[in-house]
Amino acid sequence: MTDHDELADFRDSVRAFARKSFLEGYLERAHGGPYPRDTLRDLGRNGLLGLCVPEEQGGQGSDLQALGIACEEVSYADAACGYQVFATNVTADLLVKSASEEAVRRWLGPVIAGEAVCAIALTEPGSGSDAQALSAKAVPVDGGWELSGEKTSITQGPDADLAIIVARQTDTGGISAFLVPMDSPGLSGQRFADPGFRPVGRGSIAMEGVFVPHSHQLGQGGAGFAMIMNEFDLTRTLIAFMVVGIAQRAIDLTIEHIKTRTSFGKPLSHYQGVTFPIAEHLTYLTAIRALATSSLEARSNGRPHTVEAAMLKWWAPQVGFQAVQDCIVLHGHVGWSEEMPLQALLRDVSGFQIGDGTPQIQKLIIARSAIGREVMGR
């Protein structure tokens, strides 16, 4: 789906579906409750969970530009549903590229149908941004591996049916990724109390001798770290699209508000102090979308885009957070209310400043590329 008109039609279709299905219920879901498996299945029925999966494997056979559009448009309607699109498509990508035929047969269909929730477990309590400093161990045993250790900050973890768990092999020291059913013996979990993304949840898991068969190891032995790092270039780019969707909704709500709200006998839209911030944020969102589109184009053509992904990851959440914050202020006392979605949007967008790497890590990546790792001394 590379034709401009086709992508435009796809955007229109996803926008209509998402706003009809998820827009009205966003605020109620954002306040918390059980994992929204109904929205996940709805996304699956509409083909939005396996967009880049080949048609012969049950997917849509679309391209990454379509995935970026879907992340933006669904996030506009409901940030948590947007996360379901984001996370499930990334999981499907990892399965198609790296899983064994047996694992693909077992898990790919349920994942892209929205019948199975998959989480990615990389972060550990003692090694947040230092992804290589893993202490979780994979010990070789007859028929597979035994995993031990702890993982934390796992979005969708508390309600997942399956997790991609990254651990260090004790035989070679290499880092591998494993598909692990969450009901496996020796695995236990905990749920966190978070301010945002409450429907999809976040938590930790502990593993003590969790058996994983050879068929559920992703990629070649010890290649897990490079595989996950390569996937970060995609996820950091897709997060930018999600942020744009969230911020755009806040701006649209604000535009409607300033058209009707009066002050000193005139609509708020008559005042440049009100309209100029909106103009500025719309400019930033357009620039972010353009850079994100370019990053996906580079990935599709096999070109490096790590720096662009890092730029997007530190900048887009900062822009999105400020946009929503300014929209709250422009609403005045009305914006300081749980009866409107603005506070929920602010909480949701704030999480993107941390997930998938903090701003400091992203700027380090950019600086290393521009200046040179050896000159910087790290």
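## The second largest pocket

The second largest pocket has a volume of about 210 Å³, a volume being the space filled by probe spheres set on grid points joined across faces, edges and corners. On a 1 Å grid over the protein atoms alone, where a 1.4 Å probe is used, a pocket is an open set of points with protein on both sides within 12 Å along at least five of seven lines, and lining residues have an atom within 4 Å of a point. Of the 10 lining residues, His4, Leu7, Arg11, Ile69 and Thr293 are the closest to the centre of this pocket.

Two or more lining residues come from each of helix 1 (4–21), helix 4 (64–77) and helix 8 (272–300), helices being DSSP runs of H or I with at least four residues, numbered from the N terminus. Helix 1 gives the largest share, four residues.

## Helix 3 and helix 5

Helix 3 (residues 37–45) packs against helix 5 (residues 79–98) at an angle of about 55°, and their axes lie 10 Å apart.

Thr39, Leu40 and Leu43 of helix 3 meet Cys81, Gln84, Val85 and Thr88 of helix 5, contact meaning heavy atoms within 4.5 Å.

## Basis of the model

This is a predicted model, in which local features need pLDDT of at least 70 and side-chain atom pairs count only at pLDDT 80 or more, while totals for chains, interfaces and linings use all residues. Residues are numbered from 1 along each chain as its sequence is written, and side-chain values use heavy atoms, with hydrogens and water left out.

Key: Axes fitted to C-alpha atoms, helices over the stretch in contact; angles between N-to-C directions.
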